[in-house]
Amino acid sequence: MTPLDTPMQRSQSISIASVFERYGLVIFLVALMVVAAIASPTFLRPANLVNVLTIAAPLGMVVVGQTFVILVRGLDLSVASLMATVAVLATAFKATTNEAIPMIFIAAIALSAVVGLVNGWLVAKRNVSPFLATLAMMIILQGARFAYTGGAPISTLPPGMGFLASGRVLGIPVNLITLAFLATAFGIVLHRSRLGREIFMVGSNPKAAFLNGVAPDRVVILCYVICSVCAGIGGLFLLGYVGTVSNWVGQGYELDSIVAAVMGGVALSGGRGNVFAALLGVAVLVVINNLVLLLGFPIEMQLIIKGIIIIGAAAFYRTRLA
């Protein structure tokens, strides 16, 4: 703005800037979808859109949990390895009937909670950096998987797992319904509960939170448990979609979940973020992946284009949330 700008011009400029600041990611996502529709008419076909939503759901589940960890100034690099480990655990039941599905989910959630508890304890009680603590956990889980499977893929799963991952109810993917439930439940926890207020306080200023009667260590540990449980559930749904267990189920989700959350406005410095905005970041990533696949680009070009668009998205907007 120049000194000759009128008050009305300055007001309009501020108003436009605030719109881009608040809704920039939505605008970017809409623009990206328009480009995708022009570049490949297949993109808007109902079958492809349903496929996009089906693929997005497991990543969205991981992002919901990752959001909680980032809000308290952490990150979790073990989520992808945990997803693969949970997938291997599901095959350990050697079940061929759907009666085993509840036990598979209970075992997966229990294992995930233990992993989150250890991660949180290392970060909160032993002052290990989140990067090192969760990286070590990622390696431990990877070693345990290879020790059990010998590196060979496994495909013994109850048939109902496939329905949970890619089935539909009234045309809506079941895993998308599950994601909506998780996001709503944890969104209420984050924005309508005492725990949510404590999470934002710890993320913004742990010392001030402690002086106000909040136990930062407890909050941090609980956030890591939530993150791991969400990753474990996401791993089961991804497993049902893939159908065969390999030691690399969910590979790349650790970085994609962090990128999606940050693109959605979750601050790496902690104390600012929103579950639903983080899921918009998931939508951007999934649309990018789908577009480059529809255009038939080789994997090398897919990675380059994905990186460029992510940088563009990050430079295009800055979402304010909390």
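**Pocket, charge pairs and ring pairs in a predicted model**

The largest pocket holds about 570 Å³ of space. The lining comprises 26 residues, and those closest to the pocket centre are Ile55, Tyr253, Asp256, Asn289 and Leu293. Five helices, H2, H10, H11, H12 (275–294) and H13 (299–316), each supply at least two lining residues. H2 gives the largest share, with seven residues. The model is predicted.

The protein has 13 helices and two strands. Of its 322 residues, 49% count as buried. Among contacts between residues at least 6 apart in sequence, 79% join residues at least 24 apart.

The structure holds three salt bridges. One of them pairs Lys125 with Asp217, the closest N and O atoms being 3.4 Å apart. Lys125 lies in the loop between H4 and H5 and Asp217 in helix H10, so the bridge ties together parts 92 residues apart in sequence. Lys125 is partly exposed, with a relative accessible area of 45%. Asp217 is also partly exposed, at 30% relative accessibility.

Glu198 takes part in a salt bridge with Arg194, at 3.2 Å from N to O. Arg194 and Glu198 are four residues apart in helix H8, hence separated by about one helical turn. Arg194 is exposed, with a relative accessible area of 58%. Glu198, in contrast, is buried, with a relative accessible area of 5%. Glu198 also bridges to Arg218, where the closest N and O atoms are 2.8 Å apart. That pair ties together parts 20 residues apart in sequence, because Glu198 lies in helix H8 and Arg218 in helix H10. Arg218 is partly exposed, with a relative accessible area of 42%. Through shared partners, Arg194, Glu198 and Arg218 form one network of salt bridges.

Glu198 belongs to the buried residues of helix H8 (residues 194–204), which also include Leu195, Gly196, Ile199, Phe200, Val202 and Gly203. The buried residues of H8 pack against H2, H7, helix H9 (206–211) and H10.

Glu254 presents another case. This residue sits in helix H11 (residues 253–263). Glu254 is buried yet has no salt bridge. The nearest side chain of opposite charge to Glu254 is Arg145, 9.3 Å away. Beyond residues up to four places away in sequence, Glu254 touches Gln66, Asp76, Leu77, Val79 and Ala80.

Two aromatic pairs were found in a search of the whole structure. The rings of Phe68 and Phe186 have centres 5.5 Å apart and planes at 75 degrees, so the pair is edge-to-face. Phe68 is in helix H2 (residues 46–71) and Phe186 in helix H7 (residues 174–192), and the pair links parts of the chain 118 residues apart. Both Phe68 and Phe186 are buried. The rings of Phe105 and Phe237 have centres 6.0 Å apart, and their planes are at 75 degrees, so this pair is also edge-to-face. Phe105 lies in helix H4 (residues 101–124) and Phe237 in helix H10 (residues 216–242), so the pair ties together parts 132 residues apart in sequence. Phe105 and Phe237 are buried.

Met137 is in helix H5 (residues 130–149). Met137 is buried, with a relative accessible area of 9%. Not counting residues up to four places away in sequence, Met137 touches Ser78, Val115, Val118 and Asn119.

Note on methods. Residues numbered from 1 in each chain as written. Predicted model: local features only at pLDDT ≥ 70, side-chain atom pairs only at ≥ 80, totals over all residues. Heavy atoms only, no water. Buried < 20%, exposed > 50% of the residue type's maximum accessible area, 1.4 Å probe, protein only. Lys, Arg positive; Asp, Glu negative; His and termini not counted. Salt bridge = Lys/Arg side-chain N within 4 Å of Asp/Glu carboxyl O. Contact = heavy atoms within 4.5 Å. Phe/Tyr/Trp six-rings, centres within 6.5 Å; stacked < 30°, edge-to-face > 60°. 1 Å grid on protein atoms, 1.4 Å probe; cavity = no way out; pocket = protein on both sides within 12 Å on 5 of 7 lines; lining within 4 Å. Points joined across faces, edges and corners; volume = space filled by probe spheres on them.
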